[in-house]
Amino acid sequence: VKEQSVGRVLGLDVGDVRIGVALSDLLMITAQGVETYKRVDEKADIEYFCDMMDKYGVDTLVVGLPKNMNGTLGEQAEKVQEFAEKLKEASGRRLVYWDERLTTKSAHKTLLEADMIRKKRKAVVDKIAAIYILQGYMDSL
């Protein structure tokens, strides 16, 4: 049974310094890169994403969960979950975790193949990783 979504889906690649942001198109076919958000503080970050979800009519939040290669959750995964749960509570949106193993690596590879200089790669790699996370989730529906 295919799960129907009414609104858009927001995909996040949550890091300590930056958060990669992707948004589904209205037909739920493609993930579009929105931005690489530079974190301010938890309150400001949560407010920012709640406003964004309201603005774009988002009803589901997909957050990349950085699992270790053996499938266990490490310290970074716990930090991501803590932030995601607070965002879920503040926004009232449905939260889905997506296994993000290798997404950042894939994003770096894509940018290397595109011959992007290192400084520019750093600025967009989180956004690209968010696209991979969101696209993977949408393809699974």
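Start by selecting strands S2 and S3: they make a hairpin with six residues between them, and Met28 in the turn has a positive phi of about 60°. Helices (H or I, at least four residues) and strands (E, at least two) here are DSSP runs, numbered from the N terminus. Before you click on, note that this is a predicted model, where local features need pLDDT of at least 70, side-chain atom pairs count only at pLDDT 80 or more, and totals for chains, interfaces and linings use all residues. Residues are numbered from 1 along each chain as its sequence is written, and side-chain values use heavy atoms, with hydrogens and water left out.

S2 (residues 18-24) and S3 (residues 31-38) run antiparallel and are joined by seven bridges. Pick Ser24 and you'll find its bridge partner in S3, Ala31.

Now show the whole sheet. It is open, with five strands in the order S3-S2-S1-S4-S5 and mixed pairing; two strands count as paired if DSSP finds at least two bridges between them. S3 and S5 are the edge strands, each pairing on one side only. From one strand to the next, the twist averages 25°. Axes are lines fitted to C-alpha atoms, for helices over the stretch in contact, and angles run from 0 to 180 degrees between N-to-C directions.

Next, jump to S4 (residues 58-65) and S5 (residues 94-99), a parallel pair joined by six bridges. The chain gets from S4 to S5 through helix H2 (residues 75-91), in a right-handed β-α-β crossover (with the strands pointing away from you, the path from the first strand over the helix to the second runs clockwise).

Finally, go for side chains. Select Phe49: beyond its neighbours within four places in sequence, it is in contact (heavy atoms within 4.5 Å) with Leu10, Leu12, Ile19, Val21, Tyr37, Phe83 and Leu87. A separate core of eleven residues includes Ala31, Val62, Val96 and Ile133. A nonpolar core means buried Ala, Val, Leu, Ile, Met, Phe, Trp, Tyr and Cys residues joined through side-chain atoms within 4.5 Å, with buried being under 20% relative accessible area (1.4 Å probe, protein chains only).

Terms used: Buried means under 20% relative accessible area, exposed over 50%, partly exposed in between (1.4 Å probe, protein chains only).
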